[in-house]
Amino acid sequence: MFQAFYLATFSTALLSLLIAFVVISRNYRSSIHIKWSLVCFFVALWSYTLFREIGAMTSSDSFFWQYMLHVGVAFIPALFLDFIVEFLSLRKKVIISIAYVFGSIVLVLNFTGGLIGKVAPIPSLPKFIVTG
């Protein structure tokens with residue numbers, strides 16, 4: 001089961017990055033294409049860092065990749081919301097701004113140690129982050 005999860009995270013990263021490049025190459029001036037490419041890029045970053053975290057051999061490597069994981073995941077909801085609002089031609093700038101503020105808060109908490117507690121084994125992963 002661990003091998004399948006390991007392979008799935010890497011495949012998700014690779015395919016998301018591929019989709020990001022295909023979409024942006026279609027029309028690099030369109031804001032909707034840019035926003036969807038950014039969503040795909042951050043999903044790829046998140047998946048790749050999860051791939052590296054679950055494959056980490058030491059606790060310090062696991063911590064490093066977990067910090068990087070939060071860099072990728074902090075803005076996925078805000079970027080996706082921004083894409084949906086543009087796609088549906090809605091005018092919700094305040095809500096989008098609030099979403100980006102929450103993403104920034106998560107990013108700050110990540111680097112101040114407010115999100116990650118310790119590394120502990122769970123049944124299928126030898127070094128897994130326990131939240132703080």
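Guide: A salt bridge is a side-chain nitrogen of Lys or Arg within 4 Å of a carboxyl oxygen of Asp or Glu. Lys35, Asp82 and Glu86 are linked in a network of such bridges. This is a predicted model, in which local features need pLDDT of at least 70 and side-chain atom pairs count only at pLDDT 80 or more, while totals for chains, interfaces and linings use all residues. Residues are numbered from 1 along each chain as its sequence is written, and side-chain values use heavy atoms, with hydrogens and water left out.

Visitor: What makes the contact of Asp82 and Lys35 a salt bridge?

Guide: Their side chains meet at 3.1 Å, N to O, and the limit is 4 Å. Asp82 lies in helix H4 (residues 76-87) and Lys35 in helix H2 (residues 31-54), 47 residues apart. Helices here are DSSP runs of H or I with at least four residues, numbered from the N terminus.

Visitor: How do you know that Lys35 and Glu86 form a salt bridge?

Guide: Their closest N and O atoms are 2.7 Å apart, and the limit again is 4 Å.

Visitor: Why is Lys35 called buried?

Guide: Buried means under 20% relative accessible area, exposed over 50%, and partly exposed in between (1.4 Å probe, protein chains only). Lys35 has 18%, so Lys35 is buried. Asp82, at 12%, is therefore buried too.

Visitor: Why is Glu86 called partly exposed?

Guide: The relative accessibility of Glu86 is 30%, so Glu86 counts as partly exposed.

Conventions:
Helices (H or I, at least four residues) and strands (E, at least two) are DSSP runs, numbered from the N terminus.
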